[in-house]
Amino acid sequence: MKLSCLIVDDEPLARAGIRHLLSQQQQFEVAAEADNGTDALRLAELHQPDIIFLDIQMPGLDGLNVFKQLANKPAVIFCSAYAEHAVTAFDLSAVDYLLKPFSAERFQQALFKACGKIIDTLGRSSEKAEQSNNYIDRITIRDPGRLRIVEVDDISWIESAGNYVDIHVYSQQKSYLLRDTMAAIQSKLDPAVFARIHRSSIVRKSDIIELRPGDKGDAEVVLKCGTLLTMSRRHRAALAELFGQIA
């Protein structure tokens with residue numbers, strides 16, 4: 001999943017420069033561009049971007065007032081040729097303030113800060129969902145310099161990997177490491193969809209195609225993708241609803 005961006009600047013070359021820098025980052029995409037504050041508010045409402053790059057001085061509504069009027073507060077990075085507005089921008093909780101002209105490295109730093117804000121926001125949303133017995137629908141994974149978002153609907157199985165959990169997305173032929181415990185990740189997933197079958201593995205129930213009972217109450221679980229996992233005797237009740245009495 002890519003993070004969407006809105007670029008707001010009355011100078012075409014400035015917009016083109018930001019667009020070019022974003023094109024070098026696979027995890028970001030430009031949802032829209034605006035050259036004035038009024039259109040910026042309209043497009044922000046329409047596209048609900050994750051990040052807004054916002055100029056200060058523009059015809060009509062300036063960038064500071066655009067930020068104040070945003071209904072939903074995404075990660076906002078101000079881009080301006082004037083340093084005197086920086087204090088006000090940070091008072092408004094801007095993620096960063098890029099002083100034109102800025103380097104690609106400085107731009108990357110601002111993106112990293114924006115990703116951090118998005119992670120924090122998603123984390124708080126996940127905690128609220130857990131407290132209200134609503135389960136998460138995506139998992140945010142922070143890598144150096146980038147943010148990965150994995151849809152829960154795409155997860156086939158999860159296994160323990162030391163201080164991490166390894167999240168397997170079979171449709172992408174990929175796995176993603178997340179610093180978390182099995183118990184913590186299990187508590188965030190809908191038990192009607194996922195089952196803990198071993199202290200080191202969680203599976204999507206609908207991906208199970210075969211169960212091979214062992215002689216000690218354990219079993220082998222075969223997934224659609226061909227992966228073979230072990231179900232311990234301790235966790236056999238988790239699949240009893242699917243397979244009845246497990247020998």
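Trainee: Which residue in S3 does Leu 6 stand opposite?
Mentor: Leu 6 faces Ile 52 there. Keep in mind that this is a predicted model. S1 and S3 run parallel, and 4 bridges join them.

Trainee: And what is the strand order in the sheet?
Mentor: The order is S2-S1-S3-S4-S5, an open sheet of 5 strands with parallel pairing. At the edges sit S2 (28-34) and S5 (96-99), each pairing on one side only. From one strand to the next, the twist averages 20°.

Trainee: OK, helices now. Which strands does H1 touch?
Mentor: H1 packs on the sheet and touches S1, S2, S3 and S4. Its direction makes about 165° with that of S2. Helix H2, residues 37-47, packs on the sheet too, touching S1, S2 and S3, and its direction makes about 140° with that of S2.

Trainee: Let's move to S4. How many of its residues are buried?
Mentor: 6 of its 6 residues are buried. On one side you have Ala 75, Ile 77 and Cys 79, and on the other Val 76, Phe 78 and Ser 80.

Trainee: What about its partners: how many bridges pair S3 and S4?
Mentor: There are 5 bridges, in the parallel sense. Asp 55 stands opposite Cys 79 in S4. To get from S3 to S4, the chain passes through helix H3, residues 63-69, in a right-handed β-α-β crossover.

Trainee: And toward S5, which residue is opposite Ile 77?
Mentor: That's Asp 96. S4 and S5 run parallel and are joined by 4 bridges. The chain crosses between them through helix H4, residues 86-91, and this β-α-β crossover is right-handed.

Trainee: Switching to the core: how many residues does the largest nonpolar one have?
Mentor: It has 23 residues, and those with the most contacts inside it are Leu 22, Phe 28, Ile 51, Phe 53, Ile 77 and Phe 107. Among the elements giving two or more residues are S1, H1, S3 and S4.

Trainee: What does Ile 51 touch, leaving out residues up to four places away in sequence?
Mentor: Its contacts include Leu 6, Phe 28, Ile 77, Leu 111 and Ile 118. There is also a second, separate core of 22 residues, which includes Val 8, Met 58, Val 76 and Ala 94.

Terms used: Residues numbered from 1 in each chain as written. Predicted model: local features only at pLDDT ≥ 70, side-chain atom pairs only at ≥ 80, totals over all residues. Heavy atoms only, no water. Core = buried A, V, L, I, M, F, W, Y, C linked by side-chain atoms within 4.5 Å. Buried < 20%, exposed > 50% of the residue type's maximum accessible area, 1.4 Å probe, protein only. Contact = heavy atoms within 4.5 Å. Pairing = 2+ DSSP bridges. Axes fitted to C-alpha atoms, helices over the stretch in contact; angles between N-to-C directions. Right-handed = clockwise from strand over helix to strand, strands pointing away.
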